[in-house]
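Please read the following report alongside the sequence and the coordinates.

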Amino acid sequence: MSDSKAFIFNIHRDGALQRTERLDQDVVKVGSHDKSHLFIDDPAVSRVHALIERTADGVVIMDLGSGRGTSVNGARVNKAPLRHKDRIQLGSTEIEFLTHEEKPKTVAAAEIVPDEVIYARRFLSKPAKTDGSVEIAILFRDFVMHEEIFQPPKTVTIGSSKEATYGIEHASAGELFELISVPEGGGEPLLQFAAGMEGEVYVDTQRMSLDEARSNGVAKPAGKAAAIALGKDTRARIVFGDVVVFIHRSTRPVVALPPAPGALRGVGYTVASFVLHAIFLMLVFLLPDDFGRMGLDGFDQQNRFVQLMMQDEEEEEEEPPPTDDDDEEPEASAGDEGQAGDERVEEEDRQMAVERTDPTQREIELADERVMERGALQVLNEMGPTSIFGDTASGMDDLMAIGQESGADLGAAFGSRGLAGAGVGVGGGGVAGRTAIGGGQFGVGGQAARQEGRRVARISEREQRQVAVTPGNPEVRGQLDREIIQRVIREHRREIRACYEAELQRNENLRGRVAIEFVIAPDGSVASAQVAESSLNSREVENCVTNRMRRWRFPEPRGGGIVRVTYPFDFTT
C-alpha cells in the first residue's frame, strides 16, 4: 500500500510531542499492550483500548470497552468517523490523526533558520574547551526532541527496546545498540556505529563519512560495529531516517548560586547560637518538678493492661528426674537435728510410725450430723424422702433395680426398673439385648416410656454433621488473575458455608453443586451475580450466596474493563 494511504499519528503527552507513528494498514489496534499496532505507554490506557479501521465509507474509530473511554475532539464516543487532523484522547495521551502529510509553507530563507543547521554549527564546530562531558542532541524533522549532557560519560543505547536510553526505531539500530560505550579500565569513551548507518564524523579539522572512517582505519572494528575514540576534538552527526543525532565533547555549564539570604557569619552566628541555647535552658528550668507525673493515667492503665494481656505464658521449668548415677550424699537442711523414737528400745529392727488415736462413736456421729447439715446434703434432706428410681418409689426399688426379689444368683433375675440388663420400666426403658441405665423419669440410651400418664423423655447423643463447601475450578474471562479471584473467594467461604448450614436445618439431605456467574466492574465491585447452573435445587441457598457475593470487592482489573467469572461450589455433608 502506498504512503498516500498510510495513517499518521502524532502522539502528545503533557502538551509535548512524544513521537510520530506511520502505519500503512487498514486496521490499527490501539492500546498499552506491547503487541498493539499503536502502542501507548500510559497507565490510564487499557491494554486493548480502541480500534481504527478503514472502511468503504471512510475511517472510523471504535472503543473496545476501555476503562477510561475514548474521546474525539473532546466528545466521548463508542464509534465515530475520523477525519484529517482529528484529536483523539486516550487517558492522558492525545493523538493527532492525519491521513496525509502536509507540505510546509514556503518561507523565505532569511525568515527562518532550521534547528538542524543551528545544531550542526554548534556540535560540528571544533570546541574551544571541554571538561570531559559528552553532549547529545536528538532532532526529529528539524524539531529538537532531547538534549542531555553526561558527566562523567556513560553508556548510551538506542533501539526499539524499552531498555534503550533513547527509543530510536531503525533497521540499523535493531532492538538495542550501544551508541556510546565506556571502557571498563577507563579512558576515552567510544562512539560506535553499525553498517547501514549514515552520517559524518569530524576528527580535529578532518571531515569524513562513516563509511570513510571505517575504510581508512580511523574507526576500529568492534564486533559487528566500528568504534572511534570520542576525544575532545571528535564530533559526529548520525542519521536514522527522520531522526538526527549530534554528539560532541563539551563543558558542563556551572551555575553560581547566590549566598543564602540572611546567612549568618562570624559574630552573627555566635550571637544567634547563644540566644537559642539560652532559650532552651530557660524552658528546661521553668518546667515544674512534677512534670514527669503529668500523664494520662487512664491511658497508662490501659497500656499496662494490654501489655499484661500480650505477655507470653512462662513455661514452667521441669526438674530433671533423678538418676541412679548420682552417688553424692544429699545436703542436710540448715538447723538443729531433731530426734524421734524411744531411746530405751534396742536399736535393732527399729521402725518409724505415727501414733493414732481412734475417735469415739459419739465423735463419729457428731461429724456425720455436721456434714448432713451443710451444702448439697442439707438441700436434699430438706426435700423429704425421694428415690432415684422415680417419683413412685417403693421400698423394693433398690432390689428391683438390680434384679427381682428372688433369683439363683445375685443380679441374675430380670429387673423391671432401673439397672436391669433387660426388660422394660420407667427410667430403664431397655429392651431385650440392650442395657439401660435408669434415673428418675429419664433414660440414657433407652426408648421413651410412660409413667402414670406422663411422657418420659429420651436423652440421646446428637449426631455431628461434617459440612463441606468446596470451590471448583473457575472460568475467568477478563484481565484479572485466577489466583487473585480464588484468594478473595477463600476469604468469604464462611459466608457461603453459613448459607448452606442454615438451610440444612430444614433439609438434612440437601447437597449438590451450584455454579455462580458474576461480573467484576472496573472498580473491583461485583456488578451482578446470578446462578448459571445448579443441582442443589434450593432457591434459598442460591439467593443467599448471590446476595452475599454482590457485596464483595475484588482488586481492580488491569487496564480497566470488566471481568466475567463462572465459579462452581460443591455442597456436601
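## A loop residue and its contacts

Leaving aside residues up to four places away in sequence, S160 touches I168, E169, G174 and E175, where contact means heavy atoms within 4.5 Å. S160 belongs to the loop between strand 14 (156–159) and strand 15 (166–167); helices (H or I, at least four residues) and strands (E, at least two) are DSSP runs numbered from the N terminus. With a relative accessibility of 42%, S160 is partly exposed, on a scale where buried means under 20% relative accessible area, exposed over 50% and partly exposed in between (1.4 Å probe, protein chains only). Between the C-alpha atoms of S160 and F177, which are 17 residues apart along the chain, the separation is 9.4 Å.

The model is predicted, so that local features need pLDDT of at least 70 and side-chain atom pairs count only at pLDDT 80 or more, while totals for chains, interfaces and linings use all residues. Residues are numbered from 1 along each chain as its sequence is written, and side-chain values use heavy atoms, with hydrogens and water left out.

## The buried side of helix 10

In helix 10 (residues 539–549), the buried residues are V541, E542, V545, T546 and M549. They lie on the same side of helix 10 because they cover an arc of only 125 degrees around the axis, the arc being that of the directions from the helix axis to the C-beta atoms. An α-helix has 3.6 residues a turn, so residues three or four places apart point the same way. The partners against which the buried residues of helix 10 pack include helix 8 (482–491), helix 9 (493–504) and strand 31 (512–520).

## Aromatic pairs

Rings of Phe, Tyr and Trp (its six-membered ring) pair if their centres lie within 6.5 Å, with planes under 30 degrees apart counting as stacked, over 60 as edge-to-face and the rest as tilted; by this rule there are six aromatic pairs. The pair of F7 and F9 is edge-to-face, because the ring centres are 6.3 Å apart and the planes stand at 70 degrees. F518 and F554, by contrast, are stacked, at 5.7 Å centre to centre and 20 degrees between the planes. This second pair links distant parts of the chain, with F518 in strand 31 and F554, 36 residues apart from it, in the loop between helix 10 and strand 33.

## The chain as a whole

Ten helices and 33 strands make up the secondary structure of the chain, and 30% of its 573 residues are buried.
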